[in-house]
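Thanks for asking me to look this one over. Here are my notes, as numbered points to read beside the structure.

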Amino acid sequence: MTHSVVVFAFDGVRLMDVSAPLEVFTTAGNGYTVRVCTPDGRDVTTSAGLRIGADVAAAEVRRADTLVVPGATDVDGFLRTVGTVGQVAALAAVSGRVAAVCTGAFALAAAGLLNGRRATTHWEHADALARRYPDVAVTPDAIYVQDGPVFTSAGVTAGIDVCLALVEQDRGAEEARRVARDLVVFLQRPGGQSQFSAASRTPPTRHPLVRPLLDAVVADPAADHSLRAMARRAGVSTRHLTRLFRDQTGTSPAGFVEGVRLEAARILLEAGAGVTRAAARSGIGSDESLRRAFARHFGVTPSAYAARFRSTAVGEGGYASTLTSSSVITPSTMRNERNWKGPASSLSAVETRT
């Protein structure tokens, strides 16, 4: 059976938010037809400056099994563009399910599609989504969230994750695994968005006392990096060092050290190390300490975090946070769920909550 996918593109859209879904569904082949839809049927220019050709105008789409709404670098500008939110609502009304990539969740929320639902978006914008749309239950650490026929995903490359989940829902886990292998990506990515915090999000600093300490922690996470030892190496008091770290990195010495050690443990686990070895070599110490740290930061156990190329179906809490629901999408232009016109065949694949 042919499954039609429509990707809604617009001026200022993030290039990978569009290209990632296109790659997944075209690689899957197997009955998928993929079209790029733009507001007026004309080509659009991405935030990277690359032009994307249009297959169809939004008003010409009569039916779609899957609608993908990418994100914009300028979210406010996109939402202020006349007619775009209404076009998203209208496209959703003729689609069996809807998936947002990154800040595309803002468009779904503005169209009323996320009212009363769980959702996620890029970690940097999660707080703004929750503040602006209080009726949306934002799950900031998830790679993607499914609530009924509505899918939302984290930043940029998470568009691959959520589309692999859609392929699995349509064609089964083996087909999704094949696509993941072809694209050389995880079928189910270990951990949530928290894995992209810690050292990777620590602001750079050239402070003559703090910079050498940061470099030493990264170079040898398992060494003695207690507050007292670091203060002694810097030649300052523990209180002064704590203030310096807060000012220069936005976190405490202990917080930075733990983040780097977690990153080291994650890399070791992904390379095939056991939990005990990862705990020891990263400096975290015992298996139990590593389990507690992973549960606190990632919401998964170390062994679950290390799993690769498994089903996209939800395992432990940090992979792909999923909530299935018996309700269907309700755009702002609809009064009740009976107005939903999506293909029943697409909705039947969604589990219902009783």
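1. Let me start with helix α13 (residues 287-297), where Leu290, Ala293 and Phe294 are buried. These residues lie on the same side of α13, because the arc they cover around the axis is only 95°. The cover over the buried residues of α13 includes α11 (253-270), α12 (275-282) and α14 (302-305). After α13 comes Gly299, with a positive phi near 75°. Please keep in mind throughout that this is a predicted model.

2. Now for the nonpolar cores. The largest one has 65 residues, and helix α6 (residues 158-171) contributes seven residues, the largest share of this core. A second, separate core has 16 residues, including Ala273, Ala293, Phe294 and Ala304. As background, nonpolar side chains in soluble globular proteins tend to be buried together.

3. Which residues have the most contacts inside the largest nonpolar core? They are Phe8, Phe25, Cys37, Leu67, Val88, Leu108 and Leu114. Leaving aside neighbours within four places in sequence, Cys37 is in contact with Val6, Val7, Phe8, Ala9, Val56, Ala57, Ala58, Val61 and Leu91.

4. Cys102 has a relative accessible area of 2%, so Cys102 is buried. The structure holds zero disulfides.

5. Is His225 buried or exposed? With 7% relative accessibility, against a cut-off of under 20%, His225 counts as buried. The His225 side chain makes a polar contact with the side chain of Arg233, at 3.2 Å. Not counting residues up to four places away in sequence, His225 touches Ala216, Val217, Asp220, Met230, Arg233, Val257 and Arg261.

6. Finally, the chain as a whole. The protein chain has 15 helices and 12 strands, and 51% of its 354 residues are buried. Of the contacts between residues at least 6 apart in sequence, 67% join residues at least 24 apart. The accessible surface comes to about 15400 Å², and carbon and sulfur atoms account for 50% of that surface.

Notes:
Residues numbered from 1 in each chain as written. Predicted model: local features only at pLDDT ≥ 70, side-chain atom pairs only at ≥ 80, totals over all residues. Heavy atoms only, no water. Helix = DSSP H or I, 4+ residues; strand = E, 2+ residues; numbered from the N terminus. Buried < 20%, exposed > 50% of the residue type's maximum accessible area, 1.4 Å probe, protein only. Contact = heavy atoms within 4.5 Å. Areas by Shrake-Rupley, 256 points an atom, 1.4 Å probe, with all protein chains shown as cover. Polar contact = N/O pair within 3.5 Å; in protein donor to acceptor, adjacent residues only side chain to side chain. Core = buried A, V, L, I, M, F, W, Y, C linked by side-chain atoms within 4.5 Å. Disulfide = S-S within 2.5 Å. Arc of directions from axis to C-beta.
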